[in-house]
Amino acid sequence: LAKMSAILRFAKASPFAFGVAYSGLKTSACDLLVQKVVERREEIDWRRNAAFATFGFFYLGGVQYALYVPIFSRLFPNAATFASKTVAEKLKDFPGIRNLFAQVFIDQGVHHPLMYFPVFYMIKDAVTSDKPNPERAVNEYIGNMQEDLFALWKVWVPSTFLNFAFMPMWLRIPWVASTSAIWTCILSVMRGGSDSVPANEVISPIGPDHASMELVQRTVAPAPTLDPTREHYLVTVHGPDRPGIVAAVTRGVYDAGGNLTTGKMIKLGGEFAVMMHVDCDPSSVGQLQEKLHHEKHQGGPLAACDINTRRVALLDSASVAPAFEAHVRLTGPDQPGLVMKLTELLASHGLNLEHVQTEQHVQPKNKSQTRLFSLNGLVTSATEPDSKAINESLEQIRRELKVTCILERIVADRG
C-alpha cells in the first residue's frame, strides 16, 4: 500500500513523466506478452518490440497527454468539474453531457483515424523496415482502416466515455494506458508483423482481431527420428466404436515386443480410428502382425475392426537436413477449402508438410457465431524459400478467407 500511495503521489505531482513512463513500459510489455504467449515465438522480435515501445513513450505518453490534458482543458474548460460531479449531478448537466459526447467524437472520430493510426504505422515502419517509407506506411493504414477502426471502437468508445465522464485530469493518461494494455495486445496481434520479412525469423500476416483472440496455438513436434537398428511400422485400425479397442491394440504391440512412439486415436460418429507408429526388433516383425490379428480373432473389441500394418522405409543415412523448417498455424471461421488452399500455397513454394493436425472447434453457444477451425503443422524445404513471396501469398490467403495465418521459422536445431 505504501508503494502504491507513492506511485499515486508521483502521478499527481508529475502526470506527464508518469504517463510517458507508464505508457512506454506497458506497450513494450504487452507486445512481449503477445509474442511469447499468443504467437509462441521461440525468439523475441526485438525490432518489432522497439516499435511498440517507441510508440508508447512518444505518442501514447507524450502526444496523448498534450491532447487529453492541456488541449482538451482549453477546448472544454468545464470538463474537470463535470468529471468530479456525482452521477445524479451529471445527468442534470446537459451542457456537460454535450461536451462529453464532443470529447469522445473528437478523440475517436478525428484523433485516432487521422493522427493515432498514421503515426503508429509510420513508427512501426521506421523501426522495423530497413528502408523506411512513410508514404508506404500510410497507404498500408488506408488499406486496413476499416478493420482497424472497427476493432478500435469496440474497446475505446466505452473506455473513452468512462475516462472523460469520471477521471480527473491527472488520471486520464493512466486510465488510457491501462485500457490500452488490452488494446495493445490486440494491435500487436493484428499489426505487429513487419512488411520486410527477415529470412530467419517470422512470416506472420495476422488476421482479424476476432479470429486472433480465438487463436488456439499448439506445438506440433517434428516426426520421430527412426532408429535404423529397429523395424518400423505404420499400424492403422478402424471399426465400430466399443470399449477396449485401444487396450487391445496396445496389448498386441506390447506382447510382440513393440514400442508405440506416436499416434492419433479418435472417435468419429459410431466409428473409432487408430493410426500409430510402432517400432520393434527385426526378429519380432512376424510377432507384431500375428499378435494384432490374434487380438482380432479373439472375438473381443477388435473383432469387427480392419487392421493394417505397413512397413516404413528409412531415409538414406546420407540424407541432408532440410535448409528450412517452420511451424504453420491457421485459425479462422470454418469453411470448405481452408486446408486445400493453404496446402496448395505451401506446395507452390516448395514447402513439404511433415506433420499436420486440424481441429474443428466446438460450436459456440450463440448459433449466430461461426464455428472456428484451426490447423497446426510443421513444414520443411530442401532449399531456402523466397520469404517475401510466401509472405505475399499468406497475406492473400488471410484477406480472402478472413483467417489468422502464421508461418514461423524454427531457428533452433531439432533436439
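This is a predicted model: local features need pLDDT of at least 70, side-chain atom pairs count only at pLDDT 80 or more; totals for chains, interfaces and linings use all residues.
How many aromatic pairs does the structure hold? The structure holds eleven of them.

1. Phe55 and Tyr59. The two rings have centres 5.4 Å apart and planes at 5°, so this pair is stacked; stacking is assigned when the planes are under 30 degrees apart. Both residues belong to helix H3, and because they are four residues apart there, about one helical turn separates them. Phe55 counts as buried, at 2% relative accessibility. Tyr59 also counts as buried, at 1%.

2. Tyr121 and Tyr141. This aromatic pair is tilted, with 5.6 Å from centre to centre and 45° between the planes. Tyr121 is in helix H6 and Tyr141 in helix H7, so the pair ties together parts that lie 20 residues apart in sequence. Both Tyr121 and Tyr141 are buried.

3. The nonpolar core. The largest nonpolar core has 27 residues, and Phe55 and Phe117 are the ones with the most contacts inside it. Two or more residues of this core come from each of H3, helix H4 (79-84), helix H6 (94-128) and helix H7 (134-166).

4. Asn49. Which residues is Asn49 in contact with, once its neighbours within four places in sequence are left aside? They are Ser28, Asp31, Leu32 and Gln35. Asn49 itself is found in helix H3, which covers residues 46-75. Its relative accessible area is 5%, so Asn49 is buried; the limit for that class is under 20%.

5. Lys90 and Phe82. The ring of Phe82 has the charged end of Lys90 sitting over it, 5.6 Å from the ring centre.

6. The sheet. Four strands make up an open sheet in the order E3-E4-E2-E5, with antiparallel pairing. Strand E3 (259-268) and strand E5 (306-311) stand at the edges; each has a single partner strand, so one side of each is left without a neighbour in the sheet. On average, and with direction ignored, neighbouring strands are turned by 10° against each other.

7. E3, E4 and the helix on the sheet. Nine bridges join E3 to strand E4 (residues 271-280) in the antiparallel sense. Lys267 has Phe272 in E4 as its bridge partner. Helix H10 (residues 245-255) packs on the sheet and touches strand E2 (231-240), E3 and E4. The direction of H10 makes about 15° with that of E4.

8. Asp334. Is Asp334 buried or partly exposed? Asp334 counts as partly exposed because its relative accessibility is 29%, and that class lies between the 20% and 50% limits. Asp334 lies in the loop between strand E6 (324-333) and helix H12 (338-348). With neighbours within four places in sequence left aside, Asp334 is in contact with Gln360, Thr370, Arg371, Leu372 and Phe373. For one of these, Thr370, the C-alpha to C-alpha distance from Asp334 is 7.1 Å, across 36 residues in sequence.

How values were computed. Residues are numbered from 1 along each chain as its sequence is written. Side-chain values use heavy atoms; hydrogens and water are left out. Buried means under 20% relative accessible area, exposed over 50%, partly exposed in between (1.4 Å probe, protein chains only). Contact means heavy atoms within 4.5 Å. A nonpolar core is a set of buried Ala, Val, Leu, Ile, Met, Phe, Trp, Tyr and Cys residues joined through side-chain atoms within 4.5 Å. Rings of Phe, Tyr and Trp (its six-membered ring) pair if their centres lie within 6.5 Å; planes under 30 degrees apart count as stacked, over 60 as edge-to-face and the rest as tilted. A charge sits over a ring if NZ of Lys or CZ of Arg is within 6 Å of the ring centre and within 35 degrees of the ring normal. Two strands pair if DSSP finds at least two bridges between them. Axes are lines fitted to C-alpha atoms, for helices over the stretch in contact, and angles run from 0 to 180 degrees between N-to-C directions.
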